[in-house]
Structure formats: structure tokens, C-alpha cells
Amino acid sequence: MVKIRRAYEVFFLGLFLFFLLITDLRYLKGWPVSLFLEATPLVAVSTALTTHTIYRNLVWGLVIIAITMMLGRVWCNWMCPFGIMHHFFGWIGNRRNTKQLIEVNRYKKIYAIKYYILAAMLAMAGLWIIPTAWDSPGKVWAVYHASMPKVVDGSRWIVGPDGKRQIWTMPPSAPIPKDYALLERSGADRLFGAVGQGIGSAAEEHKSKKSSLQIGLLDPIALTVRSMTTSVLPTIHMASEGIYTEPREYWMAWIVGLIFIGFLVANWWIPRFFCRAICPLGALLGIFSRFALWRIDRDPVRCTDCDLCLKSCEGASDPHKDLRKSECFVCLNCIEECPHDALTFRFLPRKASEITYPEVGRRQLLLAGIFGLYFFPMARLSGGVRKNFSRAVIRPPGSVAEDEFLRRCIKCDQCIRVCPTNVLQPSLFEAGIEGLWTPIMISKMGWCELNCTLCSQVCPTGAIREISIAEKLGVGPFEAKGPIKTGTAFYNQGRCLPWAMDTSCVVCEEVCPVSPKAIFTRNVEVTDRWGATIQLKRPFIDPVKCIGCGICEHECPVKDDPAVYVTAIGETRDKTRSLLLGLVEDHAQDLVSV
Amino acid sequence: MAEKLTRTQQKNLERLGGVNPADESFSRRQFVGQVGGYAAVAGAAVGAGLLLRDRWGMEGVKPPPPVRLKDYGIKDLPTSTPSVVVVRSSPILSTANHELDLIAREEQAFKMVKAALDEMGGVAKFIKKGDVVVIKPNVAFDKNPDLAATTQPDTLAAVVKLCLAQGARKVIVADNPINNPESCFFKTKVGDAALRAGAELMMPQDSYFEQLYVGGETITSTWRMFYRPFREATKVIGISPVKDHNLCKATVTMKNWYGLLGNPRNQFHQNIHGIISDFALMMKPTFVIADGRKLLMRNGPTGGSLNDVKQSDTIVVGTEGTAVDSWCVTRLLEKQRHEILYLDKIIARGLGKDWRPQWTREITV
């Protein structure tokens, strides 16, 4: 059994790394490279909380939930690439003898922390529930009343053979016309409909601006893809030159890399530290595994209490006594280690010999939830998202409006991985603390390639919704809507060569990719300092045409502080951040801004 | 147990009373409970998930359906009804008692508006018992009413009382000013006047805005609008000052509706005449009042000096905002009619009519 598991581990880690390596314009083709990100149930559950929908392929997460409910947390030791890496790191770092191994694999109280992390993150994602609860009774009442058939002076609703309703105003003693029936809508029927509709409309009204998605910080797949993308692969490239054509740089990626290495090295002190104590996905699966039909069971007669089963227990689930069902990774090592064959993986073993639920303190759980409820408003109201939004938060084309974006982005940085020009960068605090490691475009690093929508194709959650080239460029069926703009370019005339230094240049005009060009020039004749007359072309921006791709800024010879630069204003994804009146009022624009 | 047990295992068995509980198979009840529970919960989870599934990724970004404004105009007015009534009065002479002055001013406004409506068929034609009336004053700036940048509080109070006296169930006074709403309603004294007269004051809040469908020239589809007051409204009255404006030359009753738009409305300065002509499409009020008792002749729309203010003691009431504006800009603000491009635009779009002597009455009270 353990050998089969190892084969699975090799397979899934290999598949993950394969997908990671081919997330590249050259190899991408039609591969489902975001499969692992789409399969983590934590993303499905938490985005369902924040957006009330499950985006496209995130339904894979439901499959994992169904498997977990049958077999337990097999995800953690059979499929999860981060879990498998921890397993591997723990194995190479192991210098303990049997006695020490048994001690280090006993369950510890700190392993409940992951449940508190999960509670805090789900609370952040579900803050909208509070105003919805406030608002629902009134809404239900209103719907209930609106659905009341109007009865005045004994008049009644009747329904004809064609199903058409009308009011019958004759006195109650008069018979109802032939073929007609009295329409009776029971109170329960109306109440039921009203409750559903009332709560639904309240939830729909309050979902926006009242939640934040932060699970991506610690979701193992998002964390791994982010770390691989921004720090591991660029590092490997420096040694091997085999990953990219051009070496990549990612803004402040060392922080992401240190956290990644830190979690991996932590295995040497506490085996599977991340999986046992931190992982919110593990916590979610731990809760679902209470339903598991199969689990490890100990034969109390055969067991001689030697505790050898603990020697290689991955989950610290105490197989030597009553199994902690929520902690077991189903690695099956204990079965292998047991000298008396006292442990088996059994279908429906005795309920009495398991600890079904995770061991969490109610107070701590409550506190974690309250922290989550408090943290989100505190973060959102620190500026940076609404009124004082940063000009540096230039989101890739196809991104939904910022509030919606923050309710969808899991900071997996898959878009950053696939971006062919290196323009996409993990932000630090530009988009507020909520937007940590979300993608922004830094034009000094690269530019948004005109005929490219790769980031929108790989985004697992729809923070960057899938767009076509036609939609991005505003051609064909999108002619009336116009191109997607990510920002607007401006000139700093004090640094621009033809503007300030009597020198010809206009590289920006040359590279401007839209047609007609958003950068145009006006010819001027100036007298230089020696009295000679020179002709200059001075560049200007046409804000109607500019799409904010940033190639002008990238190519500007004034490298350190480019004389032409892009800021976020004028982006089409959000009406409130538009610049020109004529460009915000198309019907299609309403798809991305509310 | 078939195989031979070690001594420890024997002891375990004895401790357990000779029966190994792990040897027992699961009961039928446990099977039904656990497998049934699994099937139910897993089915529910997967089912709910599939129900929420956003196949094409567009559900989450679908905007809510836009709201629309009703036509609040009175339909059955006789054709002989004038569309513009100009009421003039003599100035109130200041006495030493400020309070008495205010009362006198409010009485004057009451008489003037009532006389105008009587000329148009009587107040009862316009306000019925049980009506919910929304009054839109212009309190865009937090200035003293004497500076004439905002609607005069006594005019507003007079109209509120007129509506309530006619049996209106509720009068809501609402505006979304440029300056801070609280200080605007406070310093223009319009908030206080409205409350004292018995109206409800509604200040803009984020949740009070909804996407309004306009489908006009400048707002081609929808825009965020201060819609909450209009949810239950049956009648709408606009009360605007008559003043100079730096960009569109005059702020009278048409420009007044600008104050119902949400942000980023400052973009409309890129096409000011277009947006004002859209208001003729967006809002069909019951009637409008141009409060020309004090005129801001220069430095509009903010004003700020009494030197810019001219006393005129005129109130213009009308069912046709375009005609009211047209009358006011030439007769009160002393501007050339051809300067006011938005009026031409409204008329060209067929959304309003210019004033004509035969549809205009001028009276004095």
C-alpha cells in the first residue's frame, strides 16, 4: 500500500511540476495547467462565499471534497504537491532515532491552529452575512406582502382553464363561473417563497464591498505556485538558463521565497509542520473527513502499545490509541510499521474508537472568527482600495473591478507565471494589505503584449475573466465597446528628450501598438542654445486611443524614471476609475463594473 | 481469534472481557447511518456546488438590473394651462426683528407659489391626498442662503407646507451636494427649514444609489443615481436657485437634476450641454420652481460675495423646465439666449419646448 502511495506522490508532484514548467507561451497549448489550483476545495468554498458562484473549473474542488468524505484526507499525502514536498523534506532532514521519531509524531495542541486560521479567513470571506441577516427579515416581509393576493370586500382570485388569473368581485355566496377554480395560495407556500427570495436579494445586495478573499496566502497550492513562479523558477533559471528565454525578475520575491523555504525547512524540527499546524485546506478537509467511511482502525487486542506506529505517522493522528480522524493523512505508514498487524484500513470501523471531530477550543474559534471579521474592514478602510487607490495598481486586461477582484484573486500568481514579458508582478502593499502578492503591471519590468490574453486564460478564479483577443482589442463584435484599457499614459515633459533637451527621440511613438497610434507628435522648430534652428517631434498622448499597455514606458530611454509612464486612471474595468466621459458609457462596459 | 496470541495480547483480551470489539462487523444501523449520511452530505455539497457553478465565468460580474424613473408629470391638464407662471412680489421691508422677517419671507413665498399653482389650475391639480412628494432643492455648496448659491430655505418650507396642507402623506427633501451633505443642508438652512415644515430629510449614502437607466446622449445606458427617495415617490418637485454657471452659463431648473447623479459625475463637465439635455429625458417632474427671489449674477455656481447677488423677488413655476430656464436666463440673469446651448439641445432633441408668450402668465402678488 505504501508503495502505491509513493507512486501516487511521484505522479502528482510530477504532474504539478510538469504543469508548472509548461505554463509558458511556448508549451502551453491546451494543457489544463491550472488544474491543481482549481482542484483545491478551499478555493471553491471560499470563492463561493465571496462571489456566490463557483467559477467554471473550480467544481473540481467538489470532487476532492467527495473523495475526502469517503476516504479521509487522502489529498494531503497522495495528491497535494506541497504536502508531498513536505513529506520529502521531512525525509531528507530526518536524523532522529526511533524513540525520538515516536515522540515527535505525537499529536500536539498547536496542530489546532490551522482550524483557527481557516475560521479567520472564512469569516473575512463571509462578512456580508451580517448585513444580510440584518436586512433579510424586512426583505422577506416585503416579498411576503407583495405575494399576497389582493382581497377587497370578499373578492377572490380565480384561475381560468387557460391558467390566467383574475379577480372575482362577486359576493362569496355567488358561484364561481364554470371552468374556473378558486386560486388558493397557502400561507406556507408564500412564506417559503418569500424567505428564499428575501434572503437571496439581501445577500445579492450585500455581497459586494463586504468581503475579502485571503485564503490564497496559505492555501498550499496557491502558496506553492506563487513561490515557484516568483522565486524558485527564476533562481533555477539563473543556474540552468533552461526555464525562460529572458531571465525574469519579480518584485520583492525574496519574501515569498523565504516563507516557502521556511515552511519546508520547518519539517526538520516539526515534521509536516505546515500540513499539521498551518494549512487551512487541511483544516477544511479535516472537517469533511468526519464523514469518511474508511479509516485506520486499531485492534485493541493485538496492539501491544509499542507505539511503533507513531514512528512514521505523517499526520500526528495518534493511531496508537483512538484515531484522530480529522488529522489522519491516510499515508498508511502505520499499517506497515505495526509489528503485530493490529492496524487496518477498514470500512466502517467502530465509532467508539475514533475522535471524529477536530480538537478545537470554542473560545479560540470564536476569537479567530472575530479577528477575521475585524481584520477585513480594518484592511479595506486603510485606504488603497477605494478613495485613495494607488496609481500603481494597474491590473492585467480582463481583470474585474477592484472590489470584485479582491473577492476572487487567490494570489496564486499563475498569471505572473504565464506572462511572456515579465510585466506582471506580485504587488506588495500597493493594493492595500488585502492585495498582497496580487498581480499588477510594472511597466519598467515589461509591457502588456498587444495580442496576448494568456493571463486571463489561466486564472483559476475569474479575477481575470477569460477574454478573447477580439474583446481585448475591441474589434469585431466588440467594436462598439472599444478596447480594454488597463490605464493611461502621461508625459513627464521635464524629462522627455524632445520636450526638455532639444533632442530627437519618439521611441514611444514608434512602439505604440494600437492603430491609429495613441502617441502622436507635433512638429516644432526651436532655436537651440547655439542659435541653430532645429526641427523636433514632440510626443503627445491621445487618451481615447491609449490602452495603458506600458510599452512606451518600458522602451523610454530615460530608464530610471521614464518620461512617459502609465497610471491606473482610465481603466475600463471600473466605471469609478474612468477618465473620459465618452469611453465609460457603453452597454458592454457594464459587464465589468457595477 | 484464530492465530496464537502473545502474552500481552492475552492480557488485552482478558481486560476487554474475552471479546475483541474490533472483530465485530458494523451493524446495519451504522451502515445506513454513515453511508446514507455520506451520500446525503456529499450529494448536497456537489449539488449545491453545481447549482452555484458559473459555467462561463460571467455570472459574478453581471450587474443588477437598472432602475427607471417614472413620469411624474400631470397628464390631464387642460391645454389652456400655462406652462410657465411668473410671480412677482414686492420686497419685504426689513424690520428690527429678524424672526419676523423670516416669517414674512416664508409667507411671501407661500403666497407666490400658491398663486402660481392657482393660475395653473389649483394646487389640488398637482398634489393629491396620500401623495409621496420628493422635493429636490439645490444645496450644492455649504453657503449662507443670502449668497444665492443655493435654494432659499423659506421657499422650500413654503412648498413643503403647501404639499402637506394638500394631504400629501410624506414629503422627502433630498439632494446629493458637491460639498459635504451634512454641512450643506445645515449651512444653507434648507435642512432645518425642511424639518421644521414637516418634511423628511434624506442625505445621500452609498447604499441609496442605484444604477438608473437613462439611454440618452451622454449617459447612453446607466449611471449611478441617488434613487432611494424615488422608490415610493408619486410626485417630484424641483426647486432651484437662479444663478450664473462658469461652464454652462446658467444653473436653473434643468441643471438642478445634476445633483441626483452619483460619482464620478465630474466627468460630465466634458459634455455639460449634453448631460443637461439628458436630464430632460431622465426626469419628468410634476412641476419645477425657479426660485429667483435672489439671483446670483456672477461668479457662479459658487458665488461667495453679496456683490454678486441681486434681489429680484420673482418666482417662476412651470411644468416645462426648458421654458422656465429659458425665461429665467434672459429676463432674470440678463444673459443672451443663444449662449445657453443646452436649451437648444433639449429643444432640438424634442425633449422640451421653449417659452412662448401665449403659454406664459405673469402675475403679481
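## Overall architecture

Chain A contains 23 helices and 14 strands, where helices (H or I, at least four residues) and strands (E, at least two) are DSSP runs numbered from the N terminus. The model is predicted, so that local features need pLDDT of at least 70 and side-chain atom pairs count only at pLDDT 80 or more, while totals for chains, interfaces and linings use all residues. Residues are numbered from 1 along each chain as its sequence is written, and chains are lettered from A and ligands numbered from 1 in the order in which they are written.

The C-alpha trace of chain A spans about 105 × 95 × 40 Å along its principal axes. Of the 594 residues in chain A, 49% are buried; a residue is buried if 20 or more other C-beta atoms lie within 10 Å of its own, exposed if 12 or fewer, and partly exposed in between, with C-beta atoms placed from the backbone. Among the contacts in chain A with a separation of 6 or more, 73% are between residues 24 or more positions apart, a contact being a pair of residues whose C-beta atoms, placed from the backbone, lie within 7 Å.

## The contact between chains A and B

Chain A contributes 40 residues to the contact and chain B contributes 43 residues. On the side of chain A that touches chain B, the elements giving two or more residues are α3 (41–51), β1 (54–55) and α4 (60–71) of chain A, and α4(A) gives the most, with five residues. By class, this side of chain A has 21 nonpolar, eight polar and eleven charged residues, where Ala, Val, Leu, Ile, Met, Phe, Trp, Tyr, Cys and Pro count as nonpolar, Asp, Glu, Lys and Arg as charged, and the others, Gly among them, as polar.

The two chains are also linked through strand pairing: β1(A) and strand β1 (residues 53–54) of chain B run parallel and are joined by two bridges, and strands pair if DSSP finds at least two bridges between them. The bridge partner of Y55(A) in β1(B) is D54(B).

## Packing of α1 and α6 in chain A

Two packed helices are described by the angle between their axes and the distance between the axes. The axes of α1(A) and helix α6 (residues 81–92) of chain A come within 9 Å and cross at roughly 120°; axes are lines fitted to C-alpha atoms, for helices over the stretch in contact, and angles run from 0 to 180 degrees between N-to-C directions. The angle makes α1(A) oblique to α6(A), given that angles under 35 degrees count as roughly parallel, over 145 as roughly antiparallel, 65 to 115 as roughly perpendicular and the rest as oblique.

The residues that make this contact are E9(A), F12(A), L13(A) and F16(A) of α1(A), together with P81(A), I84(A) and H87(A) of α6(A). By class, the contact of α1(A) with α6(A) has five nonpolar, one polar and one charged residues.

## Backbone features

A cis peptide bond, with omega about -5°, joins S515(A) and P516(A), and P516(A) is placed in the loop between α22 (507–511) and β12 (519–527) of chain A. In chain B, a cis peptide bond with omega about 0° joins G300(B) and P301(B), where P301(B) lies in the loop between β10 (287–296) and β11 (309–318) of chain B.

K29(A), although not a glycine, has a positive phi of about 45°; K29(A) is found in the loop between α1 (2–22) and α2 (35–39) of chain A and is exposed, with 7 other C-beta atoms within 10 Å. K249(B), also not a glycine, has a positive phi of about 80°; K249(B) is in strand β9 (residues 249–251) of chain B and is buried, with 20 other C-beta atoms within 10 Å.

Definitions and conventions: Contact = placed C-beta atoms within 7 Å.
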